Amino acid sequence: MPRTDIPAWLDKAQIMAALENTQAPTEAELQAIFDKSLALESLNLQEIARLLAVQSPEGVKALCEAAAKVKEKVYGDRIVLTAPLHISSFCSGERADMLASCVRKNRSAIAESTRNLLREGHKRVLIIAETLGEDGFDGVLEAVHTVYSVREKGSEVRRANVNLTPLRKEDYEALRDADVGSCNVYQETYDEDVYASHYGDGPKGDFVQRLEAVEMALAAGLQDVGLGLMLGLGPWKYDVLALALHAAHIERSFGVGVSPINLHRIAGNAVNPVADDEYIRATAIVRLALPCAGIILNTCKAAGPWREACRYGCSQIITGSVVDPNEPAVPVKEVVRYLVQETHHMPSFCCACPRLGRCGDNFLSVVHEAGSIASQCGPNSLASFAEYLHHYAEKDIVDAGLSLIQEKLEAMPLHIRGAAEKLLQKIELGRVDEFI
Ligand code: SF4
């Protein structure tokens, strides 16, 4: 039986009142909110509701620009690229008969998928399983070990993150021991009525269990936990406010900020459709609300709204769908091409922080003390991208990529530029996996 004891922090009446009673801010009020985000302070419910009330084209433009500035301050101009790896066939998980039709990929199929991703140049993988198959959690754990065990022409997965259905504490402990990076649990929507009408009492029907999953993961010793929205399932403004309340609750309870935040937009059959411009606004508002959090968008379709949204607060892109393994992933070279040629962001395959123990509250203390992680992201991203260009990229991207690296080097403060040049020299000599 799904639980009904919704925790006190998810106060629906409070969220609805904030949405209904909050006026759009004046220019001065808006600037004060931007200044707070730029000082890397999380916004409160009222401030986020004010941002959600902004409707004027000038206000929305200012909001998007402020989000881009906050992201630039915290992470610099890099965007990390991660590959999705679905370990089971598509399953919406809405009904038991659909769950039963889910097919878990076997070990050799997972190894082959991993090899394909390595051949493309990926170093980071997001293992996705929204439901457990007949082999239960053991199948997930075996997938993690398999992904880490694959070697392809001297290359290997340097970071495996997971996006999973809620698990038991001992399962999260096993993931911690298997060296999994961030552990993501999509709440999908925080509107319990929409959630219940969508999932009923099927295998994904326990709304409260899902709400508490990341707390279980933290209690088990995982350091990075991520939340996620399926924008288009519940009302998006409600979900953005509730997500911020969830993040605040975790920070109060565990003394650690939530990161990353996953924002997926449902493309078809949305219960509460979200337009492209609303998706972009949602991304920008989440960036302003939680300035230090990683924000992940996924590509789903080559021409999807991620192309525009990635300019306004996004720090990471999943190069494919996190929902449907049957949707063709956008090849990483296409995402790289877009970033290099259109947005001039630095594509990054960097995995330095988790490998140096800059995780969870350690990571956030570095960000808060220095006001940024950009002095590490800059050199590391350049080095990881140079490695990609040397080993995986097509000729036209190599030229454009090397020009972008040069452009970014010249824009760096001298002390950071020195560190970047040292890393680049090592990559030039054929070394790999260089970082600070
Ligand atoms: Fe990410 Fe850390 Fe690398 Fe920056 S230095 S790209 S935060 S892993």
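This briefing walks through the domains, the ligand site, some backbone details and a few individual residues of the structure above. The model is a predicted one. The protein chain is divided into domain 1 (71–330) and domain 2 (345–436), and the shell around the ligand draws at least three residues from each of them. The ligand takes up the space of the largest cavity.

**How the two domains sit together**

- Domain 1 covers residues 71–330, and domain 2 covers residues 345–436.
- At the meeting of the two, 29 residues of domain 1 are in contact with 28 residues of domain 2.

**Around the ligand**

- Which residues surround the ligand? They are Arg-78, Val-80, Arg-124, Cys-350, Ala-352, Cys-353, Arg-358, Phe-363, Gln-376, Cys-377 and Asn-380.
- Strand S1 (78–86), helix H15 (352–355) and helix H17 (374–391) are the elements that give two or more residues to this shell.
- Helix H17 makes the largest contribution to the shell, with three residues.
- By side-chain class, the shell holds six nonpolar, two polar and three charged residues.
- Both domains take part, as domain 1 (71–330) and domain 2 (345–436) each supply at least three residues of the shell.

**Backbone details worth a look**

- Most residues other than glycine have a negative phi, and most peptide bonds are trans.
- Against that background, the peptide bond from Ser-259 to Pro-260 is cis, and its omega is near 5 degrees.
- Pro-260 belongs to the loop that runs between helix H11 (236–254) and strand S6 (261–265).
- Glu-188 is not a glycine, yet it has a positive phi of about 75 degrees.
- You can find Glu-188 in strand S4 (residues 183–188).
- Is Glu-188 buried or exposed? Its relative accessibility is 2%, so Glu-188 counts as buried.
- His-344 is not a glycine either, and it has a positive phi of about 60 degrees.
- The setting of His-344 is the loop between helix H14 (332–343) and strand S9 (346–348).
- His-344 has a relative accessible area of 35%, and therefore it is partly exposed.

**Ala-374, in a helix that helps to surround the ligand**

- Ala-374 lies in helix H17, the element with the largest share of the ligand shell.
- Along the sequence, Ala-374 and Lys-73 are 301 residues apart, but in space their C-alpha atoms are 7.1 Å apart.
- Setting aside residues up to four places away in sequence, Ala-374 touches Glu-72, Lys-73, Val-74, Tyr-75, Gly-76 and Pro-379.

**Ile-318, buried in a strand**

- Ile-318 is part of strand S8 (residues 316–318).
- Ile-318 counts as buried because its relative accessibility is 1%, under the 20% cut-off.
- Beyond its neighbours within four places in sequence, Ile-318 is in contact with Thr-82, Ala-83, Pro-84, Leu-126, Ile-296, Leu-297, Asn-298 and Thr-299.
- Ile-318 and Ser-253 are 65 residues apart along the chain, and 29 Å separates their C-alpha atoms.

**Thr-131, buried in a loop**

- Where is Thr-131 placed? It sits in the loop between strand S2 (124–129) and helix H7 (136–149).
- With a relative accessible area of 7%, Thr-131 is buried.
- Thr-131 and Ser-88 are 43 residues apart in sequence, while the distance from C-alpha to C-alpha is 8.3 Å.

**Val-398, buried in a helix**

- Val-398 has its place in helix H18 (residues 395–411).
- Its relative accessible area is 19%, and buried means under 20%, so Val-398 is buried.
- Apart from neighbours within four places in sequence, Val-398 is in contact with Leu-389 and Ala-393.
- Val-398 and Ala-386 are 12 residues apart in sequence, with 8.8 Å from C-alpha to C-alpha.

Notes: Residues are numbered from 1 along each chain as its sequence is written. This is a predicted model: local features need pLDDT of at least 70, side-chain atom pairs count only at pLDDT 80 or more; totals for chains, interfaces and linings use all residues. Side-chain values use heavy atoms; hydrogens and water are left out. Helices (H or I, at least four residues) and strands (E, at least two) are DSSP runs, numbered from the N terminus. Buried means under 20% relative accessible area, exposed over 50%, partly exposed in between (1.4 Å probe, protein chains only). A residue is near a molecule or strand if one of its heavy atoms lies within 4 Å of it. On a 1 Å grid over the protein atoms alone, a cavity is a set of points where a 1.4 Å probe fits but cannot get out, and a pocket is an open set with protein on both sides within 12 Å along at least five of seven lines; lining residues have an atom within 4 Å of a point. A molecule sits in a cavity or pocket if more than half of its atoms lie within 2 Å of its grid points. Ala, Val, Leu, Ile, Met, Phe, Trp, Tyr, Cys and Pro count as nonpolar, Asp, Glu, Lys and Arg as charged, and the others, Gly among them, as polar. Domain bounds come from an automatic or database domain assignment. Contact means heavy atoms within 4.5 Å.
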